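Dear colleague,

Please find the structure below for your files.

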Amino acid sequence: MAPLCLNSSFLPSSLHYLHSRSFHCPQSSSGFCFQTRTRSRSKAIRLSIAKAEADVRKEDIVIVGAGIAGLATAVSLHRLGIGSLVIEQADSLRTGGTSLTLFKNGWSVLDALGVGSDLRSQFLEIKGMAVKSEDGKELRSFGFKDEDASQEVRAVERRILLETLANQLPPESVQFSSELAKIKTSGNGIVIGCDGIRSPIAKWIGFSEPKYVGHCAYRGLGYYPNGQPFEPKLNYIYGRGVRAGYVPVSPTKVYWFICHNNPTPGPKITDPVALKKQAKDLVRNWPAELLNNIDLTPDDTIIRTPLVDRWLWPATSPPASRGKVVLVGDAWHPMTPNLGQGACCALEDAVVLAKKLTNSTKSGPAFVEEAFRSYESERWLRIFPMTIRANLVGSLLQWENPIVCSVRNNIIIPKLVRLGPILEHTNFECEPLTQGIKVQDLHIHQSS
């Protein structure tokens with residue numbers, strides 16, 4: 001299979017049909033090379049070296065993965081006047097699954113990308129949080145605005161978030177049914193790895209697999225066709241080695257999760273009937289509203305995942321980039337969901353990286369690598385402590401010892417916990433992105 005060269009005039013306009021046709025790289029091309037293969041056909045894409053066709057477009061930046069990180073990065077670059085191509089191994093946006101909770105830092109980024117208002121109109125603002133024991137007794141309640149007047153919390157369906165971001169991109173910016181098969185480093189093209197927690201690009205850079213933290217999570221999206229009955233607040237329920245929660249997403253949908261200790265990740269299970277049974281068995285005698293949410297969950301929105309993270313130790317962890325390849329989001333810093341910051345941090349990464357590229361005024365091939373190092377330095381100071389903090393919070397909430405759990409429920413939560421300091425990590429300002437420097441001005445594309 002011949003390599004696909006990134007910094008060449010190589011891409012036909014009809015990218016959605018790329019798997020069914022051949023295309024050409026000019027002989028003068030040089031740069032990052034990678035190979036793609038389609039999943040819809042067993043035969044790989046055939047590439048030939050020939051004179052470039054007239055029907056081409058110039059792309060110097062390829063983003064691998066059309067999840068939240070990948071699409072947000074593409075939109076950030078687009079807002080700043082830089083084109084990119086997003087490749088995704090699935091045959092469409094991965095719109096299944098549940099929802100994610102976004103705090104004010106996530107909304108600051110979405111506003112900067114120009115999609116915040118649209119999303120707000122579809123999802124409820126969450127006013128506060130209530131913590132209960134497994135018998136339904138309320139241990140503590142908080143109002144988000146009481147703790148932080150600027151706080152904004154909403155649970156957002158992953159499907160709608162992805163579709164909203166994708167709709168901000170020019171037509172044919174996302175190429176589906178394409179897998180990254182090989183990276184060959186040469187020249188000045190850029191690859192941005194947004195390919196998730198099992199990222200092949202992260203492995204290529206030198207990262208080990210994320211570490212399993214000792215607990216798994218069931219997640220689902222309950223559907224109430226006649227309207228869900230809950231107040232707009234996060235509801236947490238803590239037991240011994242098991243915790244759960246639920247939060248209204250919209251007038252008809254409620255997101256829920258159950259997290260339980262498990263010595264190993266266990267086998268992958270996709271049967272929704274089995275998943276529902278396992279989830280309910282963990283919380284059989286817990287509040288009825290939690291069990292009702294599980295019963296009312298459509299089959300295509302229930303999942304079970306082992307929780308993992310990666311700690312970016314100074315001096316020992318690989319850098320976030322290697323040459324002209326850089327990582328964004330879970331591909332670089334997977335973290336447990338205990339602070340609700342995985343998606344928020346991926347959104348932050350996207351805008352910071354885009355600004356680093358556009359704000360650089362240096363010329364020559366080294367400038368991209370300098371921008372990547374600046375991005376890593378800025379983001380590491382925020383990501384590394386947050387990853388550890390999320391891990392520790394999860395470990396504390398997963399206590400099994402009955403005495404320790406009693407102290408947690410009767411002393412720590414009712415009398416000692418303050419929500420304000422816990423939410424300090426959501427402080428992140430992001431100005432609106434405006435059209436800035438073009439690709440050629442950044443010397444990403446060099447004429448032959």
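Which residues of the largest nonpolar core touch the most other members? They are Leu71, Leu102, Leu113 and Ile192, in a core of 103 residues. A nonpolar core here is a set of buried Ala, Val, Leu, Ile, Met, Phe, Trp, Tyr and Cys residues joined through side-chain atoms within 4.5 Å. Buried means under 20% relative accessible area, exposed over 50%, and partly exposed in between (1.4 Å probe, protein chains only). Leaving aside residues up to four places away in sequence, Ile192 touches Ile61, Val62, Ile63, Val64, Thr73, Leu77, Val326, Val328 and Leu353. Another core, of 18 residues, lies apart from the largest one and includes Tyr218, Trp286, Leu291 and Ile302.

Please note that this is a predicted model, in which local features need pLDDT of at least 70 and side-chain atom pairs count only at pLDDT 80 or more, while totals for chains, interfaces and linings use all residues. Residues are numbered from 1 along each chain as its sequence is written, and side-chain values use heavy atoms, with hydrogens and water left out.

The protein chain has twelve helices and 22 strands; these are DSSP runs numbered from the N terminus (helices H or I, at least four residues; strands E, at least two). Of its 448 residues, 54% are buried.

Helix H2 (residues 104–113) has nine of its ten residues buried, so it is largely enclosed by the rest of the structure. Among the buried residues of H2 are Trp107, Val109, Leu110 and Leu113. Just after H2, Gly114 takes a positive phi of about 85°.

Helix H7 (residues 272–282) packs with helix H8 (residues 288–295) at an angle of about 175°, and their axes are 10 Å apart. Axes are lines fitted to C-alpha atoms, for helices over the stretch in contact, and angles run from 0 to 180 degrees between N-to-C directions. H7 and H8 are therefore roughly antiparallel, a term for angles over 145 degrees. In contact (heavy atoms within 4.5 Å) are Lys276, Ala279 and Lys280 of H7 with Leu291, Ile294 and Asp295 of H8.

Two residues other than glycine have a positive phi: Glu172, near 65°, and Ser177, about 55°. Glu172 is in the loop between helix H5 (158–166) and strand E13 (174–175), and counts as partly exposed at 26% relative accessibility. Ser177 is in the loop between E13 and strand E14 (178–184), and counts as buried at 8% relative accessibility.

Yours sincerely

Notes
Parallel < 35°, antiparallel > 145°, perpendicular 65-115°, else oblique.
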